[in-house]
Amino acid sequence: MDQSKTGELIRSLRQRQGLTQLQLAEIIGVSDKAVSKWERGGGAPDIASLPQLAAALGTDAETLLRGELPTDRQANGNVKKLRFYVCPRCGNGLTALDGAAVSCCGQRLTALEAQKADEVHGFRIEESDGDWYVRMEHEMNREHGISFIALLTEDMLMLKKLYPQWCAEARFPRYCHGSLYFYCTKHGLFRDVL
Ligand SMILES: [Zn+2]
Ligand SMILES: [Zn+2]
């Protein structure tokens, strides 16, 4: 068991359920300090409370121990080689298959490296009306905002463009699974798994 991987997974699933550390702690009957410690990889939940923790997070104990969601829920296939680009001059967002030479405003662009979703850059995901309803608590203004949310499945890219003052939210069909990407104009590209 890799405690830091398990910790990261606990954090991302908790955020996805829309729970605070305290709320999760109360559900499983531990202190919020314990939850915070697990999430930082500083300790592991004890075996007896694992099933309850997993259930609260909408997963199973085995997945928590492994520290990652089953691979069949991650994007694979050709589209996986898709890269995201954002032009630093005009803010244009572009996608292309790996290896393509992409330019905008007379400048060659470098593919963005996706970072893992964090406390500020994380989703709340709910099922609603046959959709995945994906929402972020993130400011949305000209200097700092989310400019797109995209879902990349094995064979499809769905990209929702967002503008300042809009809500940082998107809907994707419930049957779709893959990687969620979003771009923060200040902090760059992030990735999560749906
Ligand atoms: Zn440009
Ligand atoms: Zn940001």
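How many Å separate the centres of domain 1 and domain 2, taken over C-alpha atoms? The answer is 23 Å.

## The model and its confidence

This is a predicted model, in which local features need pLDDT of at least 70 and side-chain atom pairs count only at pLDDT 80 or more, while totals for chains, interfaces and linings use all residues. Residues are numbered from 1 along each chain as its sequence is written, and chains are lettered from A and ligands numbered from 1 in the order in which they are written.

pLDDT, the predictor's confidence in each residue on a scale from 0 to 100, averages 87 here, and 94% of the residues score at least 70. Where pLDDT is low, the predicted coordinates should not be read in detail.

## Two domains

The domain assignment (automatic or from a database) gives domain 1 as 3–66 and domain 2 as 114–193. Five residues from domain 1 and seven residues from domain 2 make up the contact. On the domain 1 side, that's no nonpolar, three polar and two charged residues. For these classes, Ala, Val, Leu, Ile, Met, Phe, Trp, Tyr, Cys and Pro count as nonpolar, Asp, Glu, Lys and Arg as charged, and the others, Gly among them, as polar.

## The five-stranded sheet

Strands here are DSSP runs of E with at least two residues, numbered from the N terminus, and two of them pair if DSSP finds at least two bridges between them. Five strands line up as β5-β12-β11-β8-β9 in an open sheet with mixed pairing. Its edges are β5 (115–116) and β9 (157–161), each pairing on one side only.

Four residues lie between β8 and β9 in the hairpin they form.

## What's packed inside

The largest nonpolar core has 22 residues, and those with the most contacts inside it are V134, I146, I149, L151, L180, Y181 and F182. Such a core is a set of buried Ala, Val, Leu, Ile, Met, Phe, Trp, Tyr and Cys residues joined through C-beta atoms within 7 Å. Buried means 20 or more other C-beta atoms within 10 Å of a residue's own, exposed means 12 or fewer, and partly exposed is in between, with C-beta atoms placed from the backbone.

β8 gives this core its largest share, five residues, and five of the seven residues of β8 are buried. As for Y181, it touches F84, A114, A150, L152, L189, F190 and R191, leaving aside residues up to four places away in sequence. There's also a second, separate core of eleven residues, including I10, L13, W38 and A56.

## Two loop residues with positive phi

Most residues other than glycine have a negative phi. D129, in the loop between β6 (123–128) and β7, has a phi near 50 degrees. D129 counts as exposed because it has 7 C-beta neighbours inside 10 Å.

Q165 lies in the loop between β9 and β10, and its phi is near 80 degrees. Q165 is exposed too, with 9 other C-beta atoms within 10 Å.

Conventions: Two residues are in contact if their C-beta atoms, placed from the backbone, lie within 7 Å.
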